[in-house]
Each structure stands twice: as C-alpha cells, then as structure tokens.
Amino acid sequence: MSFLTLSHIQKSFGTVQVVHDFNMSIEKGEFISFLGPSGCGKTTILRMIAGFETPSSGTITIAGKDQTSLKPNQRNIGMVFQAYALFPNMTVFDNVAFGLKIAKMPKADIEKRVTEMLKLIHLEHLATRYPYQLSGGQQQRVALARALAPKPQVLLLDEPLSALDAKIRVSLREEIRQIQMQLGITTVFVTHDQEEALSISDRIVVMHAGRADQIGTPFDIYNHPETRFVASFVGTLNLIDAKVADASAGTILLGDQQVRLAKPLPAAAGETVTVALRPEAGSMAEGAKGEINLSGTVASSHFLGSVIRTRLDIGGQLISFDMFNDPGQAPPAVGEKVTLTFAGDDLMVLPH
Ligand code: ATP
C-alpha cells in the first residue's frame with residue numbers, strides 16, 4: 001500500500017491555476033524528487049503536502065489518514081528550506097532540540113535524541129556553536145537534524161542545496177541520501193537541478209507548467225523521456241525536427257537522409273516528429289557500421305581534454321556530438337566528412 005498519496009490535486013491562486021490534476025502514490029521509504037523549471041508548481045505541491053497551502057481540490061493522505069485539511073503542526077512532517085532558517089539566537093543543540101521541547105519531551109530524552117541527531121550529521125563537536133559560527137553546509141545539516149529529530153513520517157526538502165557552492169552541494173546531497181536510506185524515511189525533494197535529481201532519487205517527477213510530464217526512475221527519465229520537454233530538461237540533448245516518411249516501416253527524413261528506425265512512430269507520414277539524440281550516443285569510429293548511420297560534415301571541433309565536442313552538419317541540421325579522447329586518434333578536423341553510427345535505441349522519437 002502506498003504511504004503518501006496525492007489524488008486529483010488542483011491548486012489555483014485567484015484565477016490562475018498552477019497545479020492541474022496531479023496524482024501520485026509514494027511508497028514508504030521512497031526518495032522522490034520534483035524536478036522542473038522555476039514556476040512549474042513544484043514548491044506549491046511540496047507546500048500542500050506540508051499544509052502551508054490548501055489544495056483547491058483533491059486529497060492528500062499519509063499512512064491512510066486524510067491530511068488535506070490538517071494544519072502544518074497537526075501533520076507529522078519535517079521540512080528543510082532553501083535558506084537555512086535556523087534560529088540565530090539558539091545554539092546548534094537548542095535548534096535541534098526545538099521540536100522536541102514543543103512536543104514536551106522529557107529533558108533526558110531530548111538530550112539523548114539531540115546527541116543522536118548530531119552524531120548522524122557528524123556535528124557533535126559543534127553543539128554549543130551558534131548558526132553564524134557555521135558554514136552554509138553545516139547550517140543545512142543542522143536544519144536537517146532539526147527536521148528529523150521529532151521522527152517525522154515524511155521529510156520535505158525545498159531546494160536545500162541551492163544556496164551552497166558546487167562542491168558542498170555534491171557532498172551534502174550524498175550525505176542526505178545516505179541518512180535518508182539509513183532512516184528509511186519517505187522523502188520529497190524539490191530541485192531545478194537535473195543532475196541533483198538524477199543522482200539522489202528513487203523516482204523523479206518532471207514538472208512542466210503545473211503538470212507531471214513524466215514520473216519514473218532516474219534511468220527511465222534519462223534514457224526514455226516521453227515528451228520533448230522532459231528530453232530537453234533532463235540532459236543536454238539534440239532535439240531535431242524530422243518528417244515521418246513511412247510510419248509502418250518506421251522511416252523518417254532527417255535533413256536530407258532517410259533513416260530507418262524500425263520502431264513505431266508517434267505520428268503519420270508527412271508529419272513532424274522530434275528526434276532526441278544525446279551528444280554522447282553513437283560513435284565516429286572509422287569503418288564502424290551500426291544499425292543507423294548518418295553522414296555529416298564537421299562544422300566545429302573543440303578539444304576539452306576527456307572529450308572532443310564537435311558540431312556536425314547532418315544534411316543542413318547542426319547536432320552536437322561528443323567523442324571520448326583517444327590518444328591514438330587525432331580529433332576530427334573542420335570540413336572533414338564523417339559517418340556517425342548509432343544503435344537503434346540511441347535515436348528517441350517523440351511527438352513534436
Ligand atoms: P521556483 O523554483 O521558482 O520556486 P516552482 O516550480 O517551485 O518555482 P511554485 O513556487 O510552485 O513554482 O509556483 C508556481 C506558480 O504559482 C508560479 O507562477 C507562482 O508565481 C505562483 N504562485 C506561487 N505561490 C503563489 C501565491 N501565494 N500567490 C499567487 N501565486 C503564487
């Protein structure tokens with residue numbers, strides 16, 4: 001049975017609808033990321049789970065219990081925000097103890113629980129410090145410990161890493177995931193960073209204009225995007241317009257080249273489809289012949305160390321192609337004629 005459910009959730013602010021019929025069942029212990037550009041509604045959904053916003057319609061349940069009209073403090077939820085939001089006049093210890101004091105936990109139990117939490121985030125030695133004496137990453141770890149201390153049923157993380165610098169972001173996201181798995185706590189994480197979502201989640205919800213465009217594992221979202229939006233938002237992709245030549249034979253016209261994909265196409269002959277192609281897919285090795293071959297001309301070539309980033313003119317369409325550096329092979333020169341070879345699955349065909 002699913003643990004956290006959102007059924008037919010709609011949300012409007014005034015006359016503007018920002019969430020459209022959102023449905024999802026989340027399992028106990030799952031780590032779910034809501035990924036999408038600014039304004040797509042991901043924070044609004046998180047705030048509805050927390051109880052800071054009320055859905056215009058629809059139901060939210062946790063462990064089978066309807067939460068929809070409960071106030072935030074009546075829900076057993078922990079939350080970490082983008083800005084650290086620690087109490088500046090309280091020590092690390094008192095910040096983490098805050099929710100436990102409110103719940104009137106006996107003093108000795110508070111002491112024990114806070115110590116346990118500080119151990120979990122590896123900050124036992126900083127218990128008597130104040131927030132201003134901590135780095136940004138340390139402050140977010142304290143915020144996490146404070147959210148987890150009262151043993152919430154669900155943990156909500158609203159872009160908790162976005163104020164941190166790149167290196168800390170990566171190490172803290174790994175630490176968050178490790179703590180989440182250790183505790184087995186059901187977690188909903190909001191981010192606009194695709195790499196963050198791919199690296200940390202059991203499943204990702206890709207949000208687009210108030211709707212879930214796709215819900216799936218990081219592997220599925222990255223390898224099998226179902227819409228042009230998901231393809232463009234997750235991964236740097238070539239999105240190429242092509243015309244369906246013969247839908248039953250699975251052939252398309254890509255620039256001036258007819259390509260046989262041998263798979264069902266989402267449009268009829270003469271209609272336009274989007275071909276999504278990752279820059280790292282396929283190969284340019286001489287003499288290699290894959291299931292799909294495209295000929296082109298090198299328009300530009302940049303040596304970046306581990307990869308050589310090229311732009312190729314494929315029948316009038318420019319595509320990006322990254323090849324791994326091979327010390328035994330010179331980078332392709334501008335103007336050189338090349339053949340790219342692909343496996344059938346490398347070219348994803350999406351509705352336009
Ligand atoms: P961001 O990453 O910028 O926070 P988001 O995907 O989380 O974006 P939301 O914050 O959920 O987006 O906002 C979705 C839409 O709802 C936006 O157009 C926003 O302007 C609007 N919105 C959010 N809160 C309110 C509010 N209290 N009153 C009116 N409009 C709101």
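Q: Which residues of helix α2 are called buried, and what makes a residue buried?
A: In α2, which spans residues 92–102, the buried ones are Val92, Phe93, Asn95, Val96, Ala97, Gly99 and Leu100. Keep in mind that the model is predicted.

Q: What do the buried residues of α2 pack against?
A: They pack against α3 (107–120) and α4. Just after α2 comes lysine 104, with a positive phi of about 60°.

Q: Which members of the largest nonpolar core touch the most other members?
A: That core has 87 residues, and Val96, Ala145, Leu156, Val206 and Val275 touch the most other members. Helix α4 (residues 136–148) supplies the largest share, 6 residues.

Q: Which residues does valine 275 touch beyond its sequence neighbours?
A: Leaving out residues up to four places away in sequence, valine 275 touches Ile240, Ala242, Ile252, Leu254, Leu347 and Val349. Contact here takes C-beta atoms within 7 Å.

Q: Why is histidine 8 called exposed?
A: Histidine 8 has 12 C-beta neighbours inside 10 Å. The label exposed applies at 12 or fewer, so histidine 8 counts as exposed.

Q: Where does histidine 8 lie, and what is it in contact with?
A: Histidine 8 is in strand β1 (residues 4–13). Setting aside neighbours within four places in sequence, its contacts are Asp21, Asn23, Ser57 and Gly58.

Q: Why is aspartate 21 called partly exposed?
A: Aspartate 21 has 14 other C-beta atoms within 10 Å. Exposed needs 12 or fewer and buried needs 20 or more, so aspartate 21 falls in between and is partly exposed. Aspartate 21 belongs to strand β2 (residues 16–26).

Q: What makes the phi values of histidine 8 and aspartate 21 worth a look?
A: Most residues other than glycine have a negative phi. Histidine 8, which is not a glycine, has a positive phi near 50°. Aspartate 21 is not a glycine either, and its phi is positive at about 35°.

Q: How do you know that α1 is largely enclosed by the rest of the structure?
A: 7 of the 9 residues of α1 are buried, so the helix is largely enclosed. The buried residues are Lys42, Thr43, Thr44, Ile45, Leu46, Met48 and Ile49. Just after α1, glycine 51 takes a positive phi of about 95°.

Q: Which residues are around the ligand, and which helix gives the most?
A: The shell consists of Phe13, Val18, Gly36, Ser38, Gly39, Cys40, Gly41, Lys42, Thr43, Thr44 and His192. Helix α1 (residues 42–50) gives the most, with 3 residues.

Q: How many residues of each class does the shell around the ligand have?
A: There are 3 nonpolar, 7 polar and 1 charged residues. Gly is counted among the polar residues in this scheme.

Q: What makes β13 and β19 edge strands?
A: The sheet has 5 strands in the order β13-β12-β11-β14-β19; it is open, and the pairing is antiparallel. β13 (257–260) and β19 (347–351) each pair on one side only, and they are the edge strands. On average, neighbouring strands are turned by 40° against each other, direction ignored.

Q: How do you know that β11 and β14 pair?
A: Pairing needs at least two bridges between two strands. Strand β11 (residues 238–246) and strand β14 (residues 272–277) are joined by 6 bridges and run antiparallel, so they pair. As one example, lysine 243 has threonine 272 as its bridge partner in β14.

Q: What makes β12 and β13 a pair?
A: 4 bridges join β12 (residues 251–254) to β13, and the two run antiparallel. At least two bridges are required, so β12 and β13 qualify. Isoleucine 252 has valine 259 as its bridge partner in β13. Their hairpin has 2 residues between the strands, and glycine 255 takes a positive phi near 60° there.

Definitions and conventions:
Residues are numbered from 1 along each chain as its sequence is written. This is a predicted model: local features need pLDDT of at least 70, side-chain atom pairs count only at pLDDT 80 or more; totals for chains, interfaces and linings use all residues. Axes are lines fitted to C-alpha atoms, for helices over the stretch in contact, and angles run from 0 to 180 degrees between N-to-C directions. A nonpolar core is a set of buried Ala, Val, Leu, Ile, Met, Phe, Trp, Tyr and Cys residues joined through C-beta atoms within 7 Å. Two residues are in contact if their C-beta atoms, placed from the backbone, lie within 7 Å. A residue is near a molecule or strand if its C-beta atom, placed from the backbone, lies within 6 Å of it.
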